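Work through the exercises below with the predicted model open. Each task is followed by a solution in steps.

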Amino acid sequence: MKKKIWILVGVIVVFAVIFGMWHRETGKREKTAQTMQATTESKKKNDGEDKKTQNMIIEIDPGHGGNQPGACASYNGEEIMEKDLNLKIAQYMKEALEKYPGTTVYLTRDGDQNPDLGERVQKAKDDKADLLISIHNNADGKLAGYDNGCTVLTAKGDYEPSYAQTEQELACCILSELEGLGLENQGILLRTSENDSKYPNGSLSDYYYIVKNSLLQEIPGIIVEHAFIDDKEDYHQFLSSDQKLRQLGEADARAVAKYYRLGDEKNELKDIEEKILLISDPEGKNNKHYTQTYF
């Protein structure tokens, strides 16, 4: 009798163990399914909101300054220096961006100083910036083959391609806003190193310091060339008054806000075919022109 009881107890224990294992596996499968469903729903939500950003730090770099005036031109006896235009555009851009909740904006210079390029990128890193935008205006189009309009300089994408993709998509947004003001859209400009400088993965680095070293600091970094100072039409239509410079700064701010979904802004650009210019030598003799579709 005792033997039968022990056998019965053993059978019950075995069934209990088997049931427990089945229950745990079922629970795991249900949890995994729930997690996958939550991930899918989250992805759908994120895809819908795209790059919606709640908190963002932006570093704006007014190009040149101090004893480096940048591009210059003279109109009606007045010398126009790029460094002054860059600072005003940057200040207007900062003012516009700070209206978006959760957005913090810094300038690499707030007066007629001339921090070197390394200091500008380092300040962005110290400020924990999510983005660095260097504000410029252009002159003399011999290298690129054009002498008016706007362009944005970004990374090529051979190193950390996701950063280059972000930069180029943002460039499309900026070019669209500037084109909306009437500027001729000259597209995205890429330029390779001319001294055989390499990225850690062995690929040829980008030429421009801001672009290259922002990338090395894991910060998207672009240069915006708004207009040509020495083109009379560009200057008089877009650069000749504070009101016009404000429009440029606010256009830049709108582009950033739309791309990163700041506040209630939305990026409505779809299937944008943007012009690309790749420069690989200092005289522009081997320039490559092509187009690429974004969004």
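**Exercise 1.** Find the strands that H3 lies across, and state its direction relative to S1.

Solution. Start from the helix: H3 spans 117–126.

**Exercise 2.** Determine which strands helix H4 lies across, and its angle to S7.

Solution. Helix H4 covers residues 161–180. The strands it lies across are S5, S6, S7, S8, S9 and S10. Against S7, the angle of H4 is about 155 degrees.

**Exercise 3.** Give the strand order of the sheet and name its edges.

Solution. Eight strands make up an open sheet, ordered S4-S1-S5-S8-S6-S7-S9-S10, with mixed pairing. Strand S4 (103–107) and strand S10 (288–294) each pair on one side only, which makes them the edge strands. From one strand to the next, the twist averages 25 degrees.

**Exercise 4.** Describe the largest pocket: its volume, its lining and the element that gives the most residues.

Solution. The volume of the largest pocket is about 690 Å³. Its lining has 34 residues, and His64, His136, Leu153, Tyr208 and Glu225 lie nearest the centre. Elements giving two or more residues include helix H5 (209–216) and strand S8 (221–228). S5 gives the most, with four residues. Sorted by class, the lining has 16 nonpolar, ten polar and eight charged residues.

Technical notes: Residues are numbered from 1 along each chain as its sequence is written. This is a predicted model: local features need pLDDT of at least 70, side-chain atom pairs count only at pLDDT 80 or more; totals for chains, interfaces and linings use all residues. Side-chain values use heavy atoms; hydrogens and water are left out. On a 1 Å grid over the protein atoms alone, a cavity is a set of points where a 1.4 Å probe fits but cannot get out, and a pocket is an open set with protein on both sides within 12 Å along at least five of seven lines; lining residues have an atom within 4 Å of a point. Grid points are joined across faces, edges and corners, and a volume is the space filled by probe spheres set on the points. Ala, Val, Leu, Ile, Met, Phe, Trp, Tyr, Cys and Pro count as nonpolar, Asp, Glu, Lys and Arg as charged, and the others, Gly among them, as polar. Two strands pair if DSSP finds at least two bridges between them. Axes are lines fitted to C-alpha atoms, for helices over the stretch in contact, and angles run from 0 to 180 degrees between N-to-C directions. Contact means heavy atoms within 4.5 Å.
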